[in-house]
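Thanks for coming, everyone. Let me put the model on the screen, and then we'll go through it.

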There are 2 protein chains.
Amino acid sequence: MSADALVVFTPSGRRGRFPLGTSLLAAARALGVDLDSVCGGRGLCGRCQVAVADGIFAKHAITSADDHVSAAGESEALTAARRRVPAGRRLGCQAFLLGDVVVDVPPEAQVHRQVVRKNAAERAIAVDPVVRLAYVEAPEPLLEAAVSDLGRLRAALAHEWGLADLSCDPQSLVALQPALRAEGGAVTAAVREGRHIVAVWPGLVERAYGLAVDIGSTTVAAHLTDLADGEVLAAAGAMNPQIRFGEDLMSRVSYAMLNPGGAAEMTASVREAVDLLAGDVAAEAGVDLDRIVEAVVVGNPVMHHLYLGLDPTPLGVAPFTPAADEALSLPARELGLHLNPGAQVYLLPCIAGHVGADAAAVALAEAPHLGDEVTLMVDVGTNAEILLGNRRRLLAASSPTGPAFEGAQITSGQRAAPGAIERVRIDRESFEPRFKVIGSALWSDEPGFAGETRRSGVTGICGSGIIEAIAELFLAGLISAEGVIDGGKAARTGRLEADGRTFSFRLFDGPPPILITQNDVRAIQLAKGALYAGARLLMDRLGVETVDRIALAGAFGSHIDPVYAMALGLIPDCDPAKVVSAGNAAGTGARIALVNRAARAEVEALVKQVEKVETAVELSFQAHFVEAMALPHKSAPYPHLSKVVALPPRGTPSSLNSGRRRRSR
Amino acid sequence: MSADALVVFTPSGRRGRFPLGTSLLAAARALGVDLDSVCGGRGLCGRCQVAVADGIFAKHAITSADDHVSAAGESEALTAARRRVPAGRRLGCQAFLLGDVVVDVPPEAQVHRQVVRKNAAERAIAVDPVVRLAYVEAPEPLLEAAVSDLGRLRAALAHEWGLADLSCDPQSLVALQPALRAEGGAVTAAVREGRHIVAVWPGLVERAYGLAVDIGSTTVAAHLTDLADGEVLAAAGAMNPQIRFGEDLMSRVSYAMLNPGGAAEMTASVREAVDLLAGDVAAEAGVDLDRIVEAVVVGNPVMHHLYLGLDPTPLGVAPFTPAADEALSLPARELGLHLNPGAQVYLLPCIAGHVGADAAAVALAEAPHLGDEVTLMVDVGTNAEILLGNRRRLLAASSPTGPAFEGAQITSGQRAAPGAIERVRIDRESFEPRFKVIGSALWSDEPGFAGETRRSGVTGICGSGIIEAIAELFLAGLISAEGVIDGGKAARTGRLEADGRTFSFRLFDGPPPILITQNDVRAIQLAKGALYAGARLLMDRLGVETVDRIALAGAFGSHIDPVYAMALGLIPDCDPAKVVSAGNAAGTGARIALVNRAARAEVEALVKQVEKVETAVELSFQAHFVEAMALPHKSAPYPHLSKVVALPPRGTPSSLNSGRRRRSR
């Protein structure tokens, strides 16, 4: 019998011969097999689980058996019990070669593991750790061979983990000193990108955490994630406290312009909100803030600048120049974020002055650059951020939609909050409306509605509500393709009210009465015309007449019904089944960048490849805009839409402006 | 006539042919000639001065003449007047080739210039800028070609200065935004190490400054330096406010050990002191703190750790392990130092747990590693830091001298301050002493002494005073070679006072009376024995019997008379002319590291090469120590010393212990 044995690892198929007595973990490392470990082979962490196959393997031409590795000892049994290692599994570091074996590495023991996606629309998050934990037992310092604390930690990391030339944030030295003395030199180091020591804790630490933050104009959302497996442990959201300085982005930029120190106030308030959220998610998950060593932050350019303490006003005027658009890494402590003192914050790159790190995160999550489908991604706010393309080419633009979609500049408009109308249906014959409000599952014509809404009342109409209302009015024939509320129908319903020269539609009798006015229709037409024109401009550039897939991002995107978005002509025609809400896509993108090192390089490269199109300087934008004012569009066909809803006959403005004409006489 | 011309630059001798019309600055850059410029060739800064030679140059075989370059225009004349450009000089960027020329680059127009040293003992400081200024005119941002502020600054720096791939501290973006908008894109960037943008100011900025700080246990000293030429513009010193936590290093370490939060208190106090000093020197020089972009800090290991916010207690117990001993760079703002927001602080490496960044700075200033002379460098404090060697080999050790040299544990000892005795002479016949006190230029037996010292009084004796006193007592025969105050001489002088079994020498009648007691002599013997033994241990290791040169560093070193240091046997024998005070050497080393990039690499490499010798584990140290207790030494010869002073005859302890013996009977 030879003094070595063959080891074959599955699923990688890597194989090699090793001396008898070699541990399976050592063999895996020598072969470059992806087998996890935190404790460095001391049988403590239970991460290096493997299954030794039993039987004769024709493919590998070896006989593998349980007794071809050493039996589990007492300490392995203890660890297996404590770590809940499934039966039949061995710890790779405690199983030593006695003969030829086939060893399977289960997915959860792989460092670069694929996380099961929770819903089909989400891109599966692969883990490619940005921060890895490495447990070492640093030698005691000796008088004879003086070496610094950092020196002996470095030596141990190089010796046990092959991590050479590590740098260390001077702030992390503060924790290093007591950590090395607490348990006789046994410490766990958090190593970022294989290059930097960011944190050191005494003893064996098996989990380190990351924070993904999406700073929206209205809400701030945070997810606490296990950096080793990408699992979300806690999530929390809060209103963006900057709202008191202005509801929408432009009013915040104005606040900064008009008030000295205004930007600093907004910076302080959003930083505090993020810091509080970090505390909330950590408390919810029962995780010490000191164990959070990495954060990823995304946001639109204004949020991005304000969080960094930069002046947002150049983003509010042409040419909308950001201070920096590249990805940035900086210490969390410099952003008032109280995580581990060595924690770093990674901010995704911005695509352009109007297309932010949130759009970059959406692109990372939706991954249009990895497929052949021509995908249109739209994030609607005061400015719509628009991305279009596929693996061959990606284009980006922003379009000045204004705040109408957010319920601003709408007569009965309000922010999406309990009491706001969010769904609307109008009977095609009687023209009687029914609706749903946020906070109630019932339609307004269902029994119990009044009871369910007693507390909130019916207070106004939010962005998705106004879109459905106008689309339904159009589909019911109460608004013409040109966007005129048809006073000629006043004879058939008491809900059309004359309002000077125009008509309004009374959606709810009140109190307060909720009206859709002619001005509201015009505001939505302007907004949707701008959005459509931006998308169309990119389609022209890309040379396509249709898109294969549409992703509607942001809170707005998650509430809007694709059919109504098309009926209104907000987006180009598309198979409704291929219009997806990517409501959480920016947050998903942030989480991907949090746990996947390669994804950072991917999004940084992606952003550089994106061709930026500036709508304001494109002559064709105005032409597209004018055409797109009509419902759903003056000339673009909507074949998919026609299959699911009956569009009013085109070009038969039976009573166009009749109301106005009659009134004006 | 050809369409190009030959240009030869002196003193470099670089030469090349260029098309007629090429500016001399452009030619210099193309040839890699070291010619300074901040404004990038716009004729504004006046830095690129050259002299065009007149005549026929056999060596270069060309005819050079004034009219071989274009005449100075009006704008050059204006700049020349404003910048006080000497007559006969041209601005290289405004002088264009018309024919063959020899062009001399004067020293002050070279980037890597040699600064004239102010005194012969000091190492000349060469300038090799760590931070360079680069003026650019960044293009206006265009709607059509959106680019971030950082992007257009980077593009301009790459285009005009060849500085590619620059990183930028996110904190510096805050200043970048308004700077780029103040003067239409004209800004000056401070670029650190050719890689990082640390600061940006509007318009043309011609000077940036650096701060060199030496944190001593007793005093903190700061020098403000022009980073372009190394010139010191202002200097200031202050008491180290940590003194209220303990006079010497060990009592501060004890304070940290015994008081929770004590280290943090000391950190805050020294950081504040450094910040205040920065304000002082900036105010004195009329320099805006915002223009200070780099600082270098040196200090002994305890000061180094406390300034960084690290726990100093491991430095107080064997094995004296520092948290980190390598050179560190970190943002000034993280150390509470309010310079430019992007300013960085460079801390020199420590050599070992007891041999600090100050010793590394002394080594950099004294440069033993560049010469053949075997140099012994000694920095005396609670622990003496000792370096020995030359270009071939360098050794370091620290020796536990205790605080006696600082006046502690000495009966009448005090810190060096007005009123403290610092010089002592004792008449060889009458045994009458005379002395000088700090704050007065007169000897105590000179007329007017009482008047000059009325204010301070004569309050005690400082470190250099006690050394001279004991050395003089020894040379006068009042103390034996074994260190016993000879009571047998009491018959010849009333200044010998019985004090139990031993005698004291009354140096000053008082009030208060100032005595040198037998215990004082013992304390100094212990201290000097430890120091000598440490030096001797290194000499053994290096295999030398004598040293060629001795540098005494620190405040102590600058006040001690080499002859007395030898008479006491504090240092080995050496030609007194080769025993130099390197009082300021740590500060000089800090200034070198401040303005010379290569010096940082030099000291980092040097520190790695130094062999650390731990006195506590060397058996021979104790033997050396016992031998070195005698005055000047039990067995080591002092040939150089014997030439300048008459040593008492050895081995004739006429009245050894006679005083004690008489008393004890």
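How much area do chain B and chain A bury between them? About 3,200 Å², with 61% of it on carbon and sulfur atoms. Buried area here is the accessible area, taken with a 1.4 Å probe, that two parts lose on being put together, summed over both.

Some ground rules. This is a predicted model: local features need pLDDT of at least 70, side-chain atom pairs count only at pLDDT 80 or more, and totals for chains, interfaces and linings use all residues. Residues are numbered from 1 along each chain as its sequence is written, chains are lettered from A and ligands numbered from 1 in the order in which they are written, and side-chain values use heavy atoms, leaving out hydrogens and water.

Back to the interface. Chain B gives 39 residues to the contact, and chain A gives 39 residues. Contact means heavy atoms within 4.5 Å. Of the area that chain B buries against chain A, 20% comes from B:Leu143, B:Gln177 and B:Glu334, more than from any other three residues. B:Glu334 also forms a salt bridge with A:Arg333; their closest N and O atoms are 2.8 Å apart. A salt bridge is a side-chain nitrogen of Lys or Arg within 4 Å of a carboxyl oxygen of Asp or Glu. Between chain B and chain A there are four salt bridges.

Over all chains, the structure holds 70 salt bridges. One of them pairs A:Arg17 with A:Asp4, at 3.3 Å from N to O. A:Arg17 lies in strand E2 (residues 15-19) of chain A and A:Asp4 in strand E1 (residues 4-10) of chain A, so the pair ties together parts 13 residues apart in sequence. Helices (H or I, at least four residues) and strands (E, at least two) are DSSP runs, numbered from the N terminus.

In the loop between E1 and E2 of chain A sits A:Pro11. The peptide bond from A:Thr10 to A:Pro11 is cis, with omega near 5°. A cis bond also joins A:Leu631 and A:Pro632, with omega about -20°. A:Pro632 is in the loop between helix H16 (619-627) and helix H17 (639-644) of chain A. Most peptide bonds are trans, and most residues other than glycine have a negative phi. B:Glu193 has a positive phi, near 55°. Find B:Glu193 in the loop between strand E10 (186-192) and strand E11 (196-202) of chain B.

Now helix packing in chain B. How do H8(B) and H14(B) pack? Helix H8 (residues 357-366) and helix H14 (residues 585-595) of chain B meet at about 75°, with axes 7 Å apart. Axes are lines fitted to C-alpha atoms, for helices over the stretch in contact, and angles run from 0 to 180 degrees between N-to-C directions. H8(B) and H14(B) are therefore roughly perpendicular. Angles under 35 degrees count as roughly parallel, over 145 as roughly antiparallel, 65 to 115 as roughly perpendicular and the rest as oblique.

Next pair. Helix H11 (residues 518-542) and helix H16 (residues 619-627) of chain B pack at about 130°, with axes 8 Å apart. That makes H11(B) oblique to H16(B). Residues in this contact include B:Gly529 and B:Ala533 from H11(B), and B:Phe621 and B:Phe625 from H16(B).

Last stop: A:Asp275, in helix H6 (residues 262-285) of chain A. Beyond its neighbours within four places in sequence, A:Asp275 is in contact with A:Gly336, A:Leu337 and A:His338.
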